[in-house]
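Colleague: I have a new model on screen and some questions about it. Shall we go through them one by one?

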Amino acid sequence: MAGGFLKRGQSLDRFVPAHRVMSSSPSFASSPAPLSPSECSISGRGSVDEEEVVAAPLPPLQGKRTLSRNHGSRAAPKNVGMPSEMDLMKERFAKLLLGEDMSGTGKGVSSALALSNSITNLAASVFGEQRRLEPMSDDRRMRWKRELDWILSVTDHIVEFVPLQQECQDGTTMEVMGTQLRKDILTNIPALRKLDAMLLGYLDNFKEEQEFWYVSKDAGESENGDAPRDGDKWWIPKVRVPSEGLSDHSRKWLQHQKDLVGQVLKAAMAMNADVLTQMEIPEEYLESLPKNGRESLGDSIYRTITDEHFDPNELLNSVDLSTEHKIVDLKDRIEASVVIWQRKLSNKLYWGPGVSLDKREQFEERAQTVLLILKHRFPGSGQSSLDISKIQCNKDVGFAILESYSRSLESLAFAVLSRIEDVLYADNLAQDQRRSKSKKRSSLEDIPESFVVDDAEAGSARAGGSLNWEELEDRSLNSGGAKLRKVPRIRSRKCMNVEKIETCVVVDQ
């Protein structure tokens, strides 16, 4: 009985017909022709003699053979183009989901801190190059808006349940629970976007040609001139103005821009402070606090705050605030004392002998007033230890986005405000130099008539008396003339031997 079964140890080649030669055509699409019974003569054992089997030749290769990467060869290069917007978004959110831990072991930061760091790093890379008063480039502006929209899209899903009115088919209304954006997200995100657009619009106002310009770092001394901030912030380009200073119109316009940016800075600072206030104080920070406010503030500052007559400006003027490190240190000490006093007030803990509840609240309010003035007087100073601790330990995604977004706008507004102040400072230097050069020895003809001393006054001066300079100054003011910086002095000793003195006035330079 002829059989076509394959026994153990036999290969599939036994089913290949003997003396059959494959076509040399490189095409493998055509199937082989069916075998005839005479060509496939199978013995009773169901096997074909191995000597009768002729190996078929392999088809010739067309072109070069491309091996896979497993064989050590390089695959054919693909056409690599610019990454699409979808690819960039996938990469950004993949890193956010990993929590800044590329190993994937779960040791990354929380989602709130990852989003906060993402906005902070984006603002630093985009706004860090804003060192001049000029419009932001289109590439950086597009990148800021695109990636910020990606991150802020998370807030579209931060919702809360609210009662809503739903109308039924029969015309009746019923109250149901629906979802809407959280109140702080619903209020603050549009406000922050408005501040963002205002700041970028203020930068666009400097696209026209201005009366000031910037010099490069490699410029000579003649080109650099007396530019401000020679040693501080050396990476910022130096600003120059004309030798006679800015025109009145340009000076007023710059001052107006400074006021506008200052309003944006105050609004961003207020929103950032409000969000930080709503964050919970971490337990790690509470454990590191001293036992009482006196130990945190020091004896001198504590006595000033608890004194009967308190002046916050006098306290700040008595403290050394020459460096940023000292400013941040004072903020840390005041904030620590405020937290200690607030905990004692809330828990009704022991404060001290003879200290009433009203006094406790008064001391806590005074410390907060000093802290608020300190933040507004030095808006560009670093964050305090309490703020850093709140940001790192915060778990609320909404608070993290609002805080980092407002802090980024605050930094940008402060940078623009500093650049405007650099231009105004250079203008003041140019005006002072012009005034010093214009000072020259004046003649008798240049002296106003109200300052001409008559014979009676000269006689009194000759007799050893002195002129009443206050009357001369009042006379100049009453006559409508400008008040002089230095009142002219009369030399009376040189006129002692002169019998008749018409006018004896000598003006010193």
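Colleague: What volume does the largest pocket have, and which residues are closest to its centre?
Modeller: This is a predicted model. The largest pocket has a volume of about 1300 Å³. It is lined by 44 residues. The closest to its centre are Pro-379, Gly-380, Ser-381, Ser-411 and Phe-414.

Colleague: Which element gives the most to the lining of the largest pocket?
Modeller: Elements that give two or more residues are α2 (111-127), α6 (248-278), α11 (324-347), α12 (357-377) and α14 (397-438). One of them gives eleven residues, the most. That element is α14.

Colleague: How many residues of the lining are charged?
Modeller: By class, the lining of the largest pocket has 17 nonpolar and 13 polar residues. The charged residues in that lining number 14.

Colleague: How many bridges join β1 to β2?
Modeller: Strand β1 covers residues 159-167 and strand β2 covers residues 173-181. The two run antiparallel. Val-162 has Gly-178 as its bridge partner in β2, and Gln-165 has Glu-175. The number of bridges joining β1 to β2 is nine.

Colleague: Which residue in the hairpin of β1 and β2 takes a positive phi?
Modeller: The hairpin has five residues between the strands. The positive phi is near 95°. The residue is Gly-171.

Colleague: Why does the salt bridge of Asp-149 and Arg-193 tie together separate parts of the sequence, and how many residues apart are they?
Modeller: A search of the whole structure finds 14 salt bridges. In the one between Asp-149 and Arg-193, the closest N and O atoms are 3.1 Å apart. Asp-149 lies in helix α3 (residues 138-152) and Arg-193 in helix α4 (residues 183-204), so the pair ties together parts whose separation in sequence is 44 residues.

Colleague: Which residues form an aromatic cluster?
Modeller: The whole structure holds five aromatic pairs. One aromatic cluster is formed by Phe-127, Trp-144 and Tyr-405.

Colleague: At what distance from the ring centre of Phe-399 does Arg-182 lie?
Modeller: Arg-182 lies over the face of Phe-399. The cut-off for a charge over a ring is 6 Å from the ring centre. Here the distance is 5.1 Å.

Notes. Residues numbered from 1 in each chain as written. Predicted model: local features only at pLDDT ≥ 70, side-chain atom pairs only at ≥ 80, totals over all residues. Heavy atoms only, no water. 1 Å grid on protein atoms, 1.4 Å probe; cavity = no way out; pocket = protein on both sides within 12 Å on 5 of 7 lines; lining within 4 Å. Points joined across faces, edges and corners; volume = space filled by probe spheres on them. Helix = DSSP H or I, 4+ residues; strand = E, 2+ residues; numbered from the N terminus. Nonpolar A, V, L, I, M, F, W, Y, C, P; charged D, E, K, R; others polar. Phe/Tyr/Trp six-rings, centres within 6.5 Å; stacked < 30°, edge-to-face > 60°. Lys NZ or Arg CZ within 6 Å of the ring centre and 35° of its normal. Pairing = 2+ DSSP bridges. Salt bridge = Lys/Arg side-chain N within 4 Å of Asp/Glu carboxyl O.
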